Amino acid sequence: MTSTVPQNIGVVGGGRMGAGIAQVFATLGSTVTIAESGDRQAALARVSDGLDRAHERGKLGDGDPAIVLSRVHVVGAPDDLPTALDLVVEAVPELLDLKLGVLSVVEKTVAPSTVIASNTSSISIADLGAALNDPSRLVGMHFFNPVPASTLVEIIRAPATDAGVVDRVRGWVSQLGKTEVLVNDSPGFATSRLGVCLGLEAIRMLEEGVADAESIDRAMELGYRHPMGPLRSTDLVGLDVRLAIAEHLTKTLGDRFAPPALLREKVGRGELGRKTGQGFFTWP
Ligand SMILES: NC(=O)c1ccc[n+]([C@@H]2O[C@H](COP(=O)([O-])OP(=O)(O)OC[C@H]3O[C@@H](n4cnc5c(N)ncnc54)[C@H](O)[C@@H]3O)[C@@H](O)[C@H]2O)c1
């Protein structure tokens, strides 16, 4: 495993996950360029807020949030990324065609030695590799939400992924102080497949009136020692994100992942969880 901190990294998509990924690499000492096609100022503000929170909680050591933030730059499009990058992490929304387009532009923009990673929660890395001339440089680097506090990174290797690429990514995950699980490529990998399964069943139980949301969550928290129940966890991930994953897993793995009507209704009403203030619970 490599033990060198990546000097320069790129992140495509400066939303919830991309901003978190930028934050942890900048804290490690990397220079980070975020390509964000939406509000660039908001993307930088997300990183800045995350750094302030980490500082308040004593998680930056003697690091100064302003100095860490000075290592983060935001550009508008993936083809504005610098060429000389050690790593690019794609973190745009969970839509296959969008990700294929972004990955293809990234490959044409960065140096041949740059590792290209996707933070997809469910799409198989081999499917995403179809966008690249050289799929051996593509690997799954599945961070969890919130990135700074979460200790796990799921690393996904497709049949085409070069062993040296996996090795470099394992080294970087260890540099970040996070723990890896290494899985072979399959839709939903290990984490989303099981997490979504539990979440969907909890929503069906709510739909069928088995118990209220608080009771369903408490049953798993106290009965099975889950740190957070499946409905609150769905609120944190985002109901829209969970719906997109469930739809993708239904297509690839079968009807057992079919999204319940209640999930579709709530997404249709804009009740997306913590980010909108309302999901299965109300958030301040
Ligand atoms: N939210 C979670 O809990 C979670 C956890 C693990 C993985 N993921 C995965 O991470 C990815 C991102 O999820 P998120 O929750 O951060 O989404 P998000 O909607 O918060 O952020 C996505 C960002 O990408 C930007 N974007 C869209 N198209 C772009 C383009 N062509 N070029 C540059 N930027 C573009 C959007 O403007 C937005 O800021 C998804 O694949 C998701 O499945 C999400």
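Helix H1 passes helix H2 in a right-handed crossing; a crossing is called right-handed if the near helix is turned clockwise from the far one by less than a right angle, and left-handed if it is turned anticlockwise. The model described here is predicted, so local features need pLDDT of at least 70 and side-chain atom pairs count only at pLDDT 80 or more, while totals for chains, interfaces and linings use all residues. Residues are numbered from 1 along each chain as its sequence is written, and side-chain values use heavy atoms, with hydrogens and water left out.

Two packed helices are described by the angle between their axes and the distance between the axes. For H1 (residues 16-28) and H2 (residues 40-56), the angle is about 55 degrees and the axes are 9 Å apart. Here helices (H or I, at least four residues) and strands (E, at least two) are DSSP runs, numbered from the N terminus. Axes are lines fitted to C-alpha atoms, for helices over the stretch in contact, and angles run from 0 to 180 degrees between N-to-C directions. H1 and H2 are therefore oblique to each other, given that angles under 35 degrees count as roughly parallel, over 145 as roughly antiparallel, 65 to 115 as roughly perpendicular and the rest as oblique. On the H1 side, the contact (heavy atoms within 4.5 Å) is made by Arg16, Ala19, Ala22, Gln23 and Thr27, and on the H2 side by Ala43, Arg46, Val47, Gly50, Leu51 and Ala54. This contact of H1 with H2 has six nonpolar, three polar and two charged residues. In this scheme Ala, Val, Leu, Ile, Met, Phe, Trp, Tyr, Cys and Pro count as nonpolar, Asp, Glu, Lys and Arg as charged, and the others, Gly among them, as polar.

Helix H7 (residues 191-207) packs with helix H10 (residues 239-253) at about 110 degrees, with axes 10 Å apart, and H7 and H10 are therefore roughly perpendicular. Ser192, Arg193, Gly195, Val196, Gly199 and Leu200 of H7 make the contact with Arg242, Ile245, Ala246, Leu249 and Leu253 of H10. By class, this contact has six nonpolar, three polar and two charged residues.

H7 also packs with helix H9 (residues 230-237), at about 115 degrees and with axes 9 Å apart. H7 and H9 are therefore roughly perpendicular to each other, and the crossing is left-handed. In H7, Leu198, Gly199, Ala202, Ile203 and Leu206 meet Pro230, Leu231 and Thr234 in H9. The contact of H7 with H9 divides into six nonpolar, two polar and no charged residues.

Turning to the ligand, 24 residues surround it, the closest being Met17, Glu36, Glu94, Lys99 and Ser121; a residue is near the ligand if one of its heavy atoms lies within 4 Å. A backbone N or O atom of Met17 lies 2.8 Å from a ligand oxygen atom, and a polar side-chain atom of Glu36 lies 2.5 Å from an oxygen atom of the ligand.

Finally, the backbone deserves a look. Most residues other than glycine have a negative phi, and most peptide bonds are trans. The peptide bond from Asn145 to Pro146, however, is cis, with omega near 0 degrees, and Pro146 lies in the loop between strand S6 (138-143) and strand S7 (152-157). Phe189 has a positive phi, near 50 degrees, and is placed in the loop between strand S8 (179-184) and H7.

How values were computed
Polar contact = N/O pair within 3.5 Å; in protein donor to acceptor, adjacent residues only side chain to side chain.
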